[in-house]
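I opened a new notebook page for this structure. My notes follow in the order in which I looked things up.

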Amino acid sequence: MKNPIANLQKVFESRIRLGIMSALMVNDMLDFNALKELLELTDGNLASHLKALEQQEIIVVSKQFVGRKPSTTYTATAQGKDLFRQHLAALEELIGNQ
């Protein structure tokens, strides 16, 4: 029998990371403030989860100036999207086998 949790991705175990990835799966990119407002998080909490996803190459960060203001945007990588889809498929399979 196949292990039903073998394809769950540890990087997505946090509800905050699930929220970040869900938002980035349906938006090409989002800036820090949009993610912060959407997920109702503090700066520090959001930043720590974004850093973890960036270190695992799940997302990429782009920093630029819009006018005179710095803007930091986040995009899910192709690898990140694939891993997230695998994670969701594993959850669906697990639920379907109950």
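I set my cut-off before looking: a residue is buried when its relative accessible area is under 20%. I then looked up F12. Its relative accessibility is 1%, so F12 counts as buried. I note here that the model is a predicted one.

**The whole chain.** I went through the elements next. The chain has four helices and three strands. Read from the N terminus, their order is α-β-α-α-β-β-α. I boxed the C-alpha atoms along the principal axes and got roughly 60 × 25 × 20 Å. The chain has 98 residues, and 32% of them count as buried. I also looked at contacts between residues at least 6 apart in sequence. Of these, 58% join residues at least 24 apart.

**Aromatic pair.** How many aromatic pairs does a search of the whole structure find? I found one. It consists of F12 and F84, with ring centres 5.1 Å apart and planes at 80°. Planes over 60 degrees apart count as edge-to-face, so that is what this pair is. I looked up where the two rings sit. F12 is in the segment before α1, and F84 is in helix α4, residues 78-96. The pair therefore ties together parts that are 72 residues apart in sequence. F84 has a relative accessible area of 3%, so F84 is buried.

**Two helices.** I turned to helix α1 (residues 15-26) and helix α3 (residues 43-55). They pack at an angle of about 70°, and their axes are 10 Å apart. Because angles of 65 to 115 degrees count as roughly perpendicular, α1 is roughly perpendicular to α3. I listed the residues that meet. From α1 they are I16, R17 and I20; from α3 they are N45, L46, H49, L50, A52 and L53. I sorted the residues of this contact into six nonpolar, two polar and one charged.

**The sheet.** I traced the strands. They form an open sheet of three strands in the order β1-β3-β2, with antiparallel pairing. Which strands stand at the edges? They are β1 (30-31) and β2. Each has a single partner strand, so one side of each is left without a neighbour in the sheet.

I checked two positions across the strands. F65 has P70 as its bridge partner in β3. K63 stands opposite T72 in β3. The hairpin of β2 and β3 has two residues between the strands, and there G67 takes a positive phi near 70°.

**Two residues of β3.** I picked S71, which lies in strand β3. Is S71 buried or exposed? Its relative accessible area is 16%, so S71 is buried. Leaving out residues up to four places away in sequence, S71 touches D31, S62, K63, Q64 and V66.

I then picked A76, which also has its place in strand β3. At 6% relative accessibility, A76 counts as buried. A76 and I58 are 18 residues apart along the chain, and their C-alpha atoms are separated by 6.0 Å.

Conventions:
Residues are numbered from 1 along each chain as its sequence is written. This is a predicted model: local features need pLDDT of at least 70, side-chain atom pairs count only at pLDDT 80 or more; totals for chains, interfaces and linings use all residues. Side-chain values use heavy atoms; hydrogens and water are left out. Two strands pair if DSSP finds at least two bridges between them. Axes are lines fitted to C-alpha atoms, for helices over the stretch in contact, and angles run from 0 to 180 degrees between N-to-C directions. Angles under 35 degrees count as roughly parallel, over 145 as roughly antiparallel, 65 to 115 as roughly perpendicular and the rest as oblique. Contact means heavy atoms within 4.5 Å. Ala, Val, Leu, Ile, Met, Phe, Trp, Tyr, Cys and Pro count as nonpolar, Asp, Glu, Lys and Arg as charged, and the others, Gly among them, as polar. Rings of Phe, Tyr and Trp (its six-membered ring) pair if their centres lie within 6.5 Å; planes under 30 degrees apart count as stacked, over 60 as edge-to-face and the rest as tilted. Buried means under 20% relative accessible area, exposed over 50%, partly exposed in between (1.4 Å probe, protein chains only).
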